[in-house]
Amino acid sequence: MLKKAAVLVMSCGALMVGCGSEPVDEQAEIVSNLVEAGFPESDIQIFDKKVYVGLDAEVDLEASREMLGAGADSEEQYRTKNLVGTSVTKICINPTSAFNSYSRLSEGLDLAIENYNAQGLRLTFARGPTTGCTANIAARTTSGVGGSAGFPKGGKPYNAINIGTGLQNYSADVNEHVITHEIGHTIGFRHSDYYDRSISCGSGGDEGQSNVGAIHIPGTPTTATVGGSVMNSCFRSTESGEWSSSDRTALGVLY
Ligand SMILES: [Zn+2]
């Protein structure tokens, strides 16, 4: 089992506010907001001055404040309270030149975009640079095997995905899987096994049932299985990169 964000775990332990350096006050508020929104402290990590929940989803100050907004009944495919608004119709994903220099990552991005566009959603995705974009996501590289991203805020998708260059050593399908997964976070998907990461990771616990941050998507199972969702926390080297049937249901409900 491959952890999506091994690189995030090694440096700073849980809740080590100030483990980076300067924006300590901002980090502290984000952490405090997340705790108030229901995330357990053990699942909040700080790495490179950024705050993450569930190991690979970055949360900034604005998003953490939005999570404290109007309460929604939550239960345990799962989404954040924040989604992409109807003013967004075409999301352009703009790879850096470094990203483009990794052939498997580049191929995976094309395949991930196809995954979304094949579903006939109200959102369409395009590889940038291009025109007519109503929202933009930067596709960047990071170290390691895995990726990270963040959740929507202000009606827009999160503005970046970070993909590990170690994935160059994996199949195009695995790259497709990881990039599809990280794009999923940017439009509001939480992990399908967020309540028990050991389902896909072999170890790990509950990322936290936020009172506003893990809303069950109608028509999808509340239980996760290995290989049952692109949005499982950890992935296998055998991933096909394709949606599961419940992934498709979840996408259709949200978008
Ligand atoms: Zn994830």
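Two strands are taken to pair if DSSP finds at least two bridges between them. Helices (H or I, at least four residues) and strands (E, at least two) are DSSP runs numbered from the N terminus. The model is predicted: local features need pLDDT of at least 70, side-chain atom pairs count only at pLDDT 80 or more, and totals for chains, interfaces and linings use all residues. Residues are numbered from 1 along each chain as its sequence is written, and side-chain values use heavy atoms, with hydrogens and water left out.

The protein chain holds eight helices and ten strands. Of its 255 residues, 50% count as buried, that is, under 20% relative accessible area with a 1.4 Å probe, protein chains only.

Eight strands form an open sheet with mixed pairing, in the order β1-β2-β3-β8-β9-β7-β5-β6. Its edge strands, β1 and β6, each pair on one side only. Within the sheet, β5 and β7 pair in the parallel sense over five bridges, and Ile91 stands opposite Ala135 in β7.

Residue ranges of some sheet strands:

| Strand | Residues |
|---|---|
| β1 | 44-47 |
| β5 | 90-95 |
| β6 | 124-127 |
| β7 | 135-142 |

Helix α5 (residues 103-117) lies across β5, β6, β7 and β9, where contact means heavy atoms within 4.5 Å. This helix runs at about 160° to β6; axes are lines fitted to C-alpha atoms, for helices over the stretch in contact, and angles run from 0 to 180 degrees between N-to-C directions.

Helix α6 (residues 172-186) is mostly covered, with 14 of its 15 residues buried. Just after α6, Gly188 takes a positive phi of about 115°.
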